[in-house]
Amino acid sequence: MADSTHARVALVTGGAVRVGRAIVLELATHGYRMAIHANTSLDQAQQLVDELKASGGDAAAFGAELRDEEATRAMIDRVRRHFGSLGALVDSAAIWSASPLETTAAEDVALSVSRLPLSFCARSAPRSTRRSTGSFRPFIAAPISAVRPS
């Protein structure tokens with residue numbers, strides 16, 4: 001891992017498991033200090049934090065229900081206070097449940113978590129970031145939804 005003393009900070013929503021975890025691991029290899037969001041996967045988020053720290057990275061876990069705008073804003077503030085800045089946002093949060101393809105309706109394939117939380121994060125993060133760094137990297141939306149063929 002790169003020296004993280006002055007590294008950029010990235011927040012990955014849904015960063016504790018599946019694709020979000022892979023994104024966290026990849027960004028960390030590029031020297032990002034990682035803010036890992038989780039809602040129901042906080043134990044896994046903390047395990048990932050421990051893993052990153054053991055390999056020389058800098059990371060912290062942050063819990064929030066992203067469908068709650070106030071909770072989302074508070075999480076962004078906690079990230080900024082913890083790291084001093086926020087430079088990138090990657091959205092991979094979703095409510096995931098594996099379902100047999102044959103019994104899945106079209107509306108079930110859509111994201112269970114709307115893009116509204118991404119909007120909350122995107123509106124909150126630049127405001128807090130401009131105060132500390134003057135810049136904010138565009139966020140990446142990585143919507144995840146899954147069905148499982150039987």
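**A walk through strands and helices**

Arg-18 is partly exposed, its relative accessible area being 44% (buried means under 20%, exposed over 50% and partly exposed in between, with a 1.4 Å probe and protein chains only). The model is predicted, so local features need pLDDT of at least 70 and side-chain atom pairs count only at pLDDT 80 or more, while totals for chains, interfaces and linings use all residues. Residues are numbered from 1 along each chain as its sequence is written, and side-chain values use heavy atoms, with hydrogens and water left out.

Arg-18 belongs to helix H1, which covers residues 18–29 (helices, H or I with at least four residues, and strands, E with at least two, are DSSP runs numbered from the N terminus). The phi angle of Arg-18 is near 50 degrees, a positive value in a residue other than glycine.

Strand E1 comes next. 5 of the 5 residues of E1 are buried, so the strand is largely enclosed by the rest of the structure.

Turning to the helices, H2 takes in residues 42–54 and has 13 residues. From its first C-alpha to its last it reaches 18 Å, close to the 18 Å expected at 1.5 Å a residue (the expected span is 1.5 Å times one less than the number of residues). Its buried residues are Ala-45, Leu-48, Val-49 and Leu-52. Seen down the helix axis, these fall within an arc of 105 degrees, so they line one face of H2 (the arc is that of the directions from the helix axis to the C-beta atoms). On the other side of H2, the residues Asp-43, Gln-47 and Ala-54 are exposed.

Helix H3 has 15 residues, which should span 21 Å at 1.5 Å a residue; the C-alpha atoms at its ends are 21 Å apart, which agrees. Thr-72, Met-75, Ile-76, Val-79 and Phe-83 are buried in H3. They cover an arc of only 100 degrees around the axis, which puts them on the same side of the helix. The face turned away from that buried side carries Glu-70 and Arg-81, which are exposed. After H3 comes Gly-84, with a positive phi near 90 degrees.

How many aromatic pairs does a search of the whole structure find? The search finds 1 (rings of Phe, Tyr and Trp, the last by its six-membered ring, pair if their centres lie within 6.5 Å; planes under 30 degrees apart count as stacked, over 60 as edge-to-face and the rest as tilted). The partners are Phe-62 and Phe-83, in a tilted pair with 6.3 Å centre to centre and 55 degrees between the planes. Phe-62 lies in strand E3, residues 59–63, and Phe-83 in H3, residues 69–83, so the pair ties together parts that are 21 residues apart in sequence. Phe-62 and Phe-83 are both buried.
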